[in-house]
Amino acid sequence: MVLIRTKDNYPYIYILIEPNVVFVYRIETEKYITISDLNNDSSKCETFEINHRDDFETLNHLERKQVEGRAFFVNQDGMIKIVEEINKHIQKRRRVKGLEKFGAVHIVTSESAAGSLRVGLERPKTVIGFPDTFSIGPLWKLEEEIGQNSRKEWLYENINLENDDYEYVNKFSNTLREIEDIANNVPIYIWYGDNPDEQTGLRFFLYLLREKPNEVFLMKSTSVNERYRDIKKEQSIFHTGQLDSKNIRLIFENNKGNKPLSDNERIEFQMEWEKLALNKEVLRLWVDGEIKGVPENHYDSYIIAIIEKLHSKQESKDFIKTGSVIGEILTQIDSYIDLYFLEYRIRHLVYNSILKLKGIPKSIRHYSIKLR
């Protein structure tokens, strides 16, 4: 499928698909959409045929009947392209109507953490939750389509994403658009903790914001202590996603008087991102206040040791649920680890005949493992 051209006939967007099919989408909201939105509401979509592509510019679908009794197949990659074209037109419309993000803007690396921020912080505010995990995967040219495609391919080939793979692509692009849409006169708060995911995300966000004149404030979510009585002293906080809305509110109230980053501080973070984006490692740790790239087999020996420990508790060596193995690892290591990366390494050990498999490794829940 080839997208030939598009045109805006607001509230409709026309998309010409090779050779003579026109896809028409009706915009009913200024929110960016995903493939799921397109699939779940077919009432907003119509399909037409034209005799020649030159007829596209004069087409008014309101004067034509849509194609009936004939199906047109569009693969997932084609659907992604259609959604991207629709979102480009939505973004243009938002700018024409002056719908930039006003009020304080909060950015965080995690959609679940974004949910806690939305509940815990007072209005007016906008919360942007980045739908990715920056502790794993390639970072090269991530602000550009070529780098995003490289990262997407690595994730598709190695990580069992629970959500639709193609939904990830749309969400990533839409989040970049939301950051572009931030008005120039509002304060921006970036939430982060002492972990490789949010520390990497912090630098990426500041790189994306490099042309914006906004004041940027840092909100360190893992700097919790006895002042925040809602957080148990024995609970280790590694990531903003671990905090509930009450503790988010407490942290914000105690830190909203922080000074904004200076120009030099912002430049330093941007330069650190540029260095990170040149590295080829796909696994990053937070060590002694720095982001450190390590070989992807960094946790392999520890995974094997944990499985040996669990086997020692069995009467005879038997299969163990993959989720149980990962759960044991997460309780034993006093730091942030991406559980989906651990699952990827377990599959790697299976493929290399170190572990035996029972079940289908399509997710953590669907298979068990044991040492050979």
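**Chat about a predicted model**

Colleague: Where does Pro 11 lie?

Modeller: Pro 11 lies in the loop between strand E1 (3–9) and strand E2 (12–17); helices (H or I, at least four residues) and strands (E, at least two) are DSSP runs, numbered from the N terminus. This is a predicted model, in which local features need pLDDT of at least 70 and side-chain atom pairs count only at pLDDT 80 or more, while totals for chains, interfaces and linings use all residues. Residues are numbered from 1 along each chain as its sequence is written, and side-chain values use heavy atoms, with hydrogens and water left out.

Colleague: OK, and is the bond from Tyr 10 to Pro 11 cis or trans?

Modeller: The peptide bond from Tyr 10 to Pro 11 is cis, with omega near 10°. Another cis bond runs from Arg 123 to Pro 124, with omega near 0°, and Pro 124 is placed in the loop between H3 and E6. As background, most peptide bonds are trans, and most residues other than glycine have a negative phi.

Colleague: Which residue has a positive phi of about 50°, then?

Modeller: That is Lys 141, which is not a glycine, and its place is in the loop between E6 and helix H4 (145–158). Ser 353 also has a positive phi, near 65°, and lies in the loop between H11 and strand E12 (355–359).

Colleague: Why does Lys 141 count as partly exposed?

Modeller: Its relative accessibility is 33%, so Lys 141 counts as partly exposed, since buried means under 20% relative accessible area, exposed over 50%, and partly exposed in between (1.4 Å probe, protein chains only). Ser 353, at 45%, counts as partly exposed, whereas Lys 212, at 14%, counts as buried.

Colleague: What is Lys 212 in contact with?

Modeller: Leaving aside neighbours within four places in sequence, Lys 212 is in contact (heavy atoms within 4.5 Å) with Ile 179, Glu 180, Ile 182, Asn 184 and Arg 266. Lys 212 itself lies in the loop between helix H6 (196–208) and strand E8 (216–220).

Colleague: Switching to H3, which residues are buried there?

Modeller: In H3, the buried residues are Ala 113, Ala 114, Ser 116, Leu 117 and Gly 120. Seen down the axis of H3, they fall within an arc of 160°, so they line one face of the helix; the arc is that of the directions from the helix axis to the C-beta atoms. The face turned away from this buried side carries the exposed residues Ser 112 and Val 119.

Colleague: And what covers the buried residues of H3?

Modeller: The cover includes strand E5 (104–108), strand E6 (125–129), strand E7 (188–192) and helix H7 (245–255).

Colleague: How many residues has the largest nonpolar core?

Modeller: The largest nonpolar core has 80 residues, and those with the most contacts inside it are Leu 38 and Ile 86; such a core is a set of buried Ala, Val, Leu, Ile, Met, Phe, Trp, Tyr and Cys residues joined through side-chain atoms within 4.5 Å. Apart from it lies another core, of 16 residues, among them Ala 104, Ala 113, Leu 243 and Ile 251.

Colleague: Back to Ile 86, what is it in contact with?

Modeller: Leaving aside neighbours within four places in sequence, Ile 86 is in contact with Ile 13, Ile 15, Phe 23, Tyr 25, Ile 33 and Leu 38.
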